[in-house]
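Good morning, and thank you for coming. Please look at the structure on the screen, and I shall then go through the surroundings of the ligand.

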Amino acid sequence: MKKLILFTLIVAFFAGCYYDNEETLYPKLDKGCDTTGVTYSKSVVPIFQTNCLSCHSASQYLGSGGNINLDDFNSVQQVALKGNLFGAITHNPKNSAMPKNGAKLDTCSITKIKIWIDHGAINN
Ligand code: HEC
């Protein structure tokens with residue numbers, strides 16, 4: 001019995017400290033999704049331009065974007081670090097589902113935004 005407990009502890013210990021790498025954390029659900037070198041400017045901004053700025057641009061956000069300016073890095077970073085950005089695009093019931101009144105973003109776009117947030121939501 002003692003041996004079994006010891007064995008279980010050893011297994012749990014080693015299983016607990018495997019190294020997280022991007023490939024295992026973000027399996028390529030979408031085979032064509034290139035998640036290498038994700039950055040704010042190269043990966044996140046184009047998604048916003050296509051799907052979000054019609055309401056959240058610098059000139060629109062006060063009227064139609066719920067006061068959230070996704071055209072300004074600092075305000076993007078704020079909603080990203082609060083968790084509301086990821087919640088909104090994954091349709092978490094705690095958040096307003098985004099894009100508002102539109103189809104959910106594709107998995108690849110959501111994955112890229114998640115990688116960017118997980119790496120600190122920095123202006124890169
Ligand atoms: C049709 C207009 C429209 C589009 C397109 C849109 N939004 Fe919004 N967004 C809003 C409005 C309005 C609100 C304020 C909350 C509400 O009314 O649901 C909001 C709120 C938010 C919030 C705050 C959510 C919360 O729970 O606090 C985030 C984050 C957000 N939008 C991100 C996005 C992102 C990212 C996109 C693109 C993928 C997007 N929005 C597209 C109109 C829009």
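I begin with H56, which has a polar side-chain atom 2.7 Å from a nitrogen atom of the ligand. Such a polar contact is a pair of N or O atoms within 3.5 Å. The model is predicted: local features need pLDDT of at least 70, side-chain atom pairs count only at pLDDT 80 or more, and totals for chains, interfaces and linings use all residues. Residues are numbered from 1 along each chain as its sequence is written, and side-chain values use heavy atoms, with hydrogens and water left out.

Two further contacts involve oxygen atoms of the ligand. In the side chain of N95, an N or O atom is 3.0 Å from an oxygen atom of the ligand. For K100, a polar side-chain atom lies 2.8 Å from a ligand oxygen atom.

Which residues coordinate the iron atom of the ligand? They are H56, through NE2, and M98, through SD, at 1.9 to 2.2 Å; donors are N, O and S atoms within 2.8 Å of the metal. H56 belongs to helix α4 and M98 to the loop between α7 and α8 (107-118), so this pair, 42 residues apart, links distant parts of the chain. Helices are DSSP runs of H or I with at least four residues, numbered from the N terminus.

The iron site has 6 donor atoms with angles of 86 to 179°, and it is octahedral. That term requires opposite donors over 155 degrees apart and all others between 65 and 115. Ideal angles for six octahedral donors are 90 or 180 degrees.

Let us turn to the wider shell. The ligand is surrounded by 21 residues, each with a heavy atom within 4 Å. Among the closest are C52 and C55. Helices α3 (40-51), α4 (53-56) and α7 (84-89) each supply at least two shell residues, and α7 gives the largest share, 4 residues.

Finally, the backbone beside M98 deserves a look. The peptide bond from M98 to P99 is cis, with omega near -5°, and P99 is found in the loop between α7 and α8.

Conventions
A polar contact is a pair of N or O atoms within 3.5 Å; within protein, one must be able to donate a hydrogen and the other to accept it, and residues adjacent in sequence count only if both atoms are side-chain atoms. Donors are N, O and S atoms within 2.8 Å of the metal (3.2 Å for Na, K and Ca); water is not among the atoms, so sites may look incomplete. Four donors count as tetrahedral if all angles lie between 85 and 135 degrees; four count as square planar and six as octahedral if opposite donors are over 155 degrees apart and all others between 65 and 115; anything else is irregular.
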